[in-house]
Amino acid sequence: MFEGLFHALRRHGVPVALDEWLTLQRALDAGLAGSSLAGFYLAARAVTVKSEAHFDAYDTAFVEYFAGLEASGPDVDDRVLEWLREHPDALGVSPEQRARLDAMLSHLDLDELRRRFDERLRHQTEAHHGGDRHIGTGGTSGMGHSGAPTGGIRVGGPGRHRTAVQVAGSRAWREYRQDATLGVREFGTALRRLRRLSSRLDGPADELDVDATIDATANAGGALDLVFRRPRRNSVRLVLLLDVGGSMDDHVHLVDQLFSALHQTSRFRELTVRYFHNCVYDLLYHDADMDRSRTDSTRALLGSLTSEHMLVVVGDACMGPSELALPGGCIDWHTYNEEPGWVWLERVRARFTHCAWLNPVPEVWWQHTHGARTLQAVRRLFPMYELSLAGLDQAVDHLMTRAA
Amino acid sequence: MHDARPFEGTDSYIAGEDLRTSVNVAIALERPLLVRGEPGTGKTLLAEAVAESLGTDLLVWSVRSTTKAQDGLYVYDTVQRLYDSQFGDGDPSDIRRYIRMGVLGQAFQADRRVVVVIDEVDKADIEFPNDLLWELDRMSFHIPETGDTVTAATRPVVIITSNAEKELPDAFLRRCVFHYIAFPHPEQMAEIVRVHHPGLDERLLTAAVEAFYVLRRMDALAKRPSTSELVDWVQALVVGGIPPERVLEEMPFLGVVLKKPQDLDAARRAMAVGGNGTFR
């Protein structure tokens, strides 16, 4: 039932899958919606929506679907049936899914389904003795699915019916929307490969070394001699330089995703994050808001590096040529760089054996984007990859081969 | 199918209609309930309340960054077995003696339905939830060392909490019933504080709750205070004998509510700039 809601949810970007939809049908069969639209609203949300970020989209879809039914009043029976007739393939299921669906529905075919639906609706009309004040036909006809087996279709009255739509309509979850979080996990999985395991790091030796234990025990003539070792940990230290502000504002979502992914997978031995604007000069900022009181000297950072450090720069490399080429070319008028940006970039590049530059500008635009000249120059210096899942994969590959 | 509406909240845990529905849907469908929300919204307490309300035991599996899925099923204590074989304290030929059940293992073996909470699942490795998919689906796992299969006689109620720090895998999410605990409204918050501090002066409560939401609304906060901070703060105000009218004006014991130095500074600056009136 409620396929329309399913499609409305998908249309509004709630990633509800057929599995979840079938789970919802089970919940309805079990009477969990409590025979009211308010109950249905909550139960369906618990089953189909898996992130508070999608609650708002759920509300929107819910209102769209049920407000339509509500407004149409008693005509809804015909409308739903007609809709079913017109869209025999409405669910758009594959044969395989269809088979599973059939199994779940005890091999009901569409005609049988429709016949039962009909029957149920008829039953309902009788039960209500045509009580036309029960506007909730839309709700109850659906509720009939959950309540009909026991005949217990209690209509909580129009008030209750409207409640759920009103609750949904108030869109209380709007501020929880975060369309940006998609893809964080994918980035995280790609970044997991960025590791060099080593047991030479600090930490307690609390892992049983089976081979060494066998050797030691054999050497001791069979007297048990346990040997422990330090667990292997990731020895990679990562320096992340992020370009912020200006032309990077367009890419803020993408960079956010990468950033969250880096933090989540933070199995790195060390993660240093610094910010710059357009090009690296003598100072690096601690925060993305580029507070000038919280900076590091670039030289000091470069001086503190070990061979385990890898560099990832995230930036579009699109800037005025003067920012690369001239002393004092820095875009911030209140800072003056003695040496041109290019010298700084070369200096940074020379300090790392493993480095990659991630560019949020899609690779196909690299020749033509407004900063193509500087982009091409930077690209000659740093191995550059597109900031996308595929690009990140390549970048990690590159970092790891260099590391080998 | 189990009884309808088994969970109604408890005396000390107030559950809204939405939370009750989510819990009951999860119980009836025998799906894990994934609970997310800001820290301090009572996610772990929920599991306790569910166990209390169902009149059963609660098993807690606190997840840490080093936790592996295997830990929750069983641990094979090889070292103990080696020792026993050496020193003859026990019978090392019986491997079963060295299989220690983890939290899920215990829950599967329990003779009645228990509640399991997998607390802060997002703290573990990114693959951790995937590693538990099969076990949570089938409520069963195999022990290769002994050839035994542990299967739950009665499926436990599984509650999983997450601070939303990590994205959980889709396959895992699809199997869960999801509930997001929203931050309580002032009225709900007052109700919660009353539960923790019975017999509290209503005027003090109103003032503290109002001041608390003023603080929470500040934009500049690095860490927004949560329920537990308010409960502690009220305690401090009571112990300090602060009269209600001074709470909003002076915000005494602010360090109980705001934990970060920069947040304290921001709050004090806001108070200093506008005086008491505009701080509201």
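User: Where in chain B does E120(B) lie?

Analyst: In this predicted model, E120(B) belongs to the loop that runs between β5 (115-119) and α6 (128-131) of chain B.

User: Why is E120(B) called partly exposed?

Analyst: Its relative accessible area is 23%. Buried would need a value under 20% and exposed one over 50%, so E120(B) falls in between and counts as partly exposed.

User: Which residue has a positive phi of about 50° although it is not a glycine?

Analyst: That is M139(B). You will find M139(B) in the loop between α7 (133-138) and β6 (140-143) of chain B.

User: Is M139(B) buried or exposed, and how do you know?

Analyst: The relative accessibility of M139(B) is 2%. The cut-off for buried is under 20%, so M139(B) counts as buried.

User: What makes α10(B) and α11(B) oblique?

Analyst: Helix α10 (residues 202-217) and helix α11 (residues 227-240) of chain B have axes that come within 11 Å and cross at roughly 135°. Roughly antiparallel asks for an angle over 145, and roughly perpendicular stops at 115. The value of roughly 135° lies between those limits, so α10(B) and α11(B) are oblique to each other. This crossing, too, is right-handed. From α10(B), L204(B), A208(B), V209(B), A211(B) and F212(B) take part in the contact, and from α11(B), T227(B), L230(B), W233(B), V234(B), L237(B) and V238(B). By class there are 10 nonpolar residues, one polar and no charged.

User: And why are α15(A) and α16(A) described as roughly parallel?

Analyst: Helix α15 (residues 341-351) and helix α16 (residues 372-381) of chain A pack at an angle of about 25°, with their axes 10 Å apart. That angle is under 35 degrees, so α15(A) and α16(A) are roughly parallel to each other. α15(A) passes α16(A) in a right-handed crossing. The contact joins W342(A), L345(A), E346(A) and R349(A) of α15(A) to A377(A), V378(A) and L381(A) of α16(A). Five of these residues are nonpolar, none is polar and two are charged.

User: How do you know that T213(A) is buried?

Analyst: The relative accessible area of T213(A) is 5%. Since buried means under 20%, T213(A) qualifies. T213(A) sits in helix α11 (residues 210-219) of chain A. Leaving aside neighbours within four places in sequence, T213(A) is in contact with L208(A), D225(A), L226(A) and V227(A).

User: Which residues of helix α1 of chain A are buried?

Analyst: In α1 (residues 3-11), they are E3(A), G4(A), L5(A), F6(A), A8(A) and L9(A). H7(A) also lies in helix α1 of chain A. The relative accessible area of H7(A) is 23%, so H7(A) is partly exposed rather than buried. H7(A) and A61(A) are 54 residues apart in sequence, and their C-alpha atoms are 8.7 Å apart in space. After α1(A) comes G13(A), whose phi is positive, near 85°.

User: How many helices and strands are there in chain A?

Analyst: Chain A has 17 helices and 11 strands. Of its 404 residues, 48% count as buried.

Conventions. Residues are numbered from 1 along each chain as its sequence is written. Chains are lettered from A and ligands numbered from 1 in the order in which they are written. This is a predicted model: local features need pLDDT of at least 70, side-chain atom pairs count only at pLDDT 80 or more; totals for chains, interfaces and linings use all residues. Side-chain values use heavy atoms; hydrogens and water are left out. Helices (H or I, at least four residues) and strands (E, at least two) are DSSP runs, numbered from the N terminus. Buried means under 20% relative accessible area, exposed over 50%, partly exposed in between (1.4 Å probe, protein chains only). Contact means heavy atoms within 4.5 Å. Axes are lines fitted to C-alpha atoms, for helices over the stretch in contact, and angles run from 0 to 180 degrees between N-to-C directions. Angles under 35 degrees count as roughly parallel, over 145 as roughly antiparallel, 65 to 115 as roughly perpendicular and the rest as oblique. A crossing is left-handed if the near helix is turned anticlockwise from the far one by less than a right angle, and right-handed if clockwise. Ala, Val, Leu, Ile, Met, Phe, Trp, Tyr, Cys and Pro count as nonpolar, Asp, Glu, Lys and Arg as charged, and the others, Gly among them, as polar.
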